[in-house]
Amino acid sequence: MTNLAVVGGGVIGLSAAWRAAARGHPVTLYDPEPVRGGASWLAGGMLAPVTEAWPGEDDVLSLGEESLRRWPGFASDLAQEGVDPGLAEHGTLVVAFDHADAGYLDILAGHLHSIGRAAQRLTGREVKRLEPGTGSVRSGLHVPGDLAVDNRKLLNALFAACQARDVRFVRERVERIPDAEAVVLAAGAWTGRLHPQLAGAVRPLKGEILRLKPRRGCLPPPTHTVRAVVEGRPIYLVPRGDQELVLGATQYEAGFDQSVTARGVRELIEGAERVFPGITEYELAETAAGLRAGSHDVLPYIGVLDDGVFAATGHHRNGLLMAPVTADAVVAWLEGEKPPEGVEAASPARLHQKEHV
């Protein structure tokens, strides 16, 4: 069995470490604060490759769909290790406020139907029947097959599963590639500092997120994930089982700054109020900012670098969604098997192609 070092204790690193250890490989994971220290702890938890995708991101969509197919088995295997990761099947509701938004929903609905996914167009009145707390919307799109996961339950479940599989944790930030037979770089936004081929190819993208709870007398949170675009900014509201509501997310270039700004909080609350007016009476339970790992083309880097080190980074806003397919790609590499469908397009070898264009 191959001795594996994993750098990074977020959802990608923990998933890769668990899957590899479950196949019998000795694994050491390096991270100064596994579970809580990265962007995964602050994620919304949506597993919705189609409603999350942007036009032109075909390879991202294909990889996300492949990972979504793997998610039920991934969650089931994790639950059998002892901790339920909190996979939810409440679906997504995308709402439109004007004619342009409604046109986008028509395109999205057509694409969903073309790939065999169920989606139902709704009038504004039907949206209100499905989610009574929504504001004055023109129309909507209900996607019942979309999944969501409680990101914090997931990370704690992965950590427990790694411990049960004897993964060794070294709680320090590494400055160079660890000495091991195989190494996986999954340090998120910091991965670009660890390998010359990824220098400048991985950058931090700051995202602020809020957690809110209804006070006495407030409307309960939505029962579906609700997505919208408000004044050109995407916004989502994700319900949690404990009556908590996750609200996100801003995204902008700010280096490695992780401070929460008043502007970011204001934009999120103003956008959410348009979607779900009752939210202004909720208790603001948490404000936080995390650093997503951005790539040069939105597609992550999943594959072998020139020196045999494996890159598993640059997942942008899709880290939780793509954790199963990335972890399975790591195991396939370790065992000389064919990688999962869609992973080849994410190879970091495309960085060399970019240099020669």
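**Reading the chain**

Tutor: In this chain, 75% of the contacts with a separation of 6 or more are between residues 24 or more positions apart. Keep in mind that the model is predicted.

Student: How many helices and strands does the chain have?

Tutor: The chain holds nine helices and 17 strands. Its radius of gyration is 20 Å, close to the 21 Å from the globule rule for 357 residues, so the chain is as compact as a globular protein of that length. Along the principal axes, the C-alpha atoms fill a box of roughly 60 × 45 × 40 Å.

Student: What share of the residues is buried?

Tutor: Buried means under 20% relative accessible area. By that cut-off, 57% of the 357 residues are buried. The accessible surface of the chain is about 15,300 Å², and carbon and sulfur atoms account for 48% of that surface.

Student: Next, a pair of helices. At what angle do α3 and α8 pack?

Tutor: An angle of 65 to 115 degrees counts as roughly perpendicular. Helix α3, residues 58-80, packs against helix α8, residues 319-334, at about 80°, and their axes are 7 Å apart. The two helices, α3 and α8, are therefore roughly perpendicular to each other.

Student: Which residues in α3 and α8 meet?

Tutor: From α3 the residues are Val60, Leu63, Gly64, Glu66, Ser67, Leu68, Arg70, Trp71 and Phe74. From α8 they are Leu320, Leu321, Met322, Ala323, Pro324, Val325 and Asp328. Sorted by class, the contact of α3 with α8 has eleven nonpolar, two polar and three charged residues.

Student: Now a strand residue. Where does Phe310 lie, and what does Phe310 touch?

Tutor: Phe310 lies in strand β17, residues 310-313. With 4% relative accessibility, Phe310 counts as buried. Not counting residues up to four places away in sequence, Phe310 touches Val183, Val184, Leu185, Ile302, Gly303, Val304, Ala329, Val330 and Trp333.

Student: What about loops? Is Gly314 buried or exposed?

Tutor: Gly314 sits in the loop between β17 and α8. Its relative accessible area is 0%, so Gly314 is buried. Leaving out residues up to four places away in sequence, Gly314 touches Ala293, Gly294, Ser295, Val298, Leu299 and Pro300. The C-alpha atoms of Gly314 and Ala180 are separated by 23 Å, with the two residues 134 apart along the chain.

Student: And is Gly200 buried or exposed?

Tutor: Gly200 is in the loop between β10 (182-185) and β11 (203-213). At 77% relative accessibility, Gly200 counts as exposed. Gly200 and His296 are 96 residues apart in sequence, with 8.7 Å between their C-alpha atoms.

Student: What is phi of Gln243, and where is Gln243 placed?

Tutor: Gln243 also belongs to a loop, the one between β13 (233-239) and β14 (245-248). The phi of Gln243 is near 70°, a positive value in a residue other than glycine. Gln243 has 43% relative accessibility and so counts as partly exposed.

Notes
Residues numbered from 1 in each chain as written. Predicted model: local features only at pLDDT ≥ 70, side-chain atom pairs only at ≥ 80, totals over all residues. Heavy atoms only, no water. Axes fitted to C-alpha atoms, helices over the stretch in contact; angles between N-to-C directions. Helix = DSSP H or I, 4+ residues; strand = E, 2+ residues; numbered from the N terminus. Parallel < 35°, antiparallel > 145°, perpendicular 65-115°, else oblique. Contact = heavy atoms within 4.5 Å. Nonpolar A, V, L, I, M, F, W, Y, C, P; charged D, E, K, R; others polar. Rg over C-alpha atoms; globule rule 2.2 N^0.38 Å. Buried < 20%, exposed > 50% of the residue type's maximum accessible area, 1.4 Å probe, protein only. Areas by Shrake-Rupley, 256 points an atom, 1.4 Å probe, with all protein chains shown as cover.
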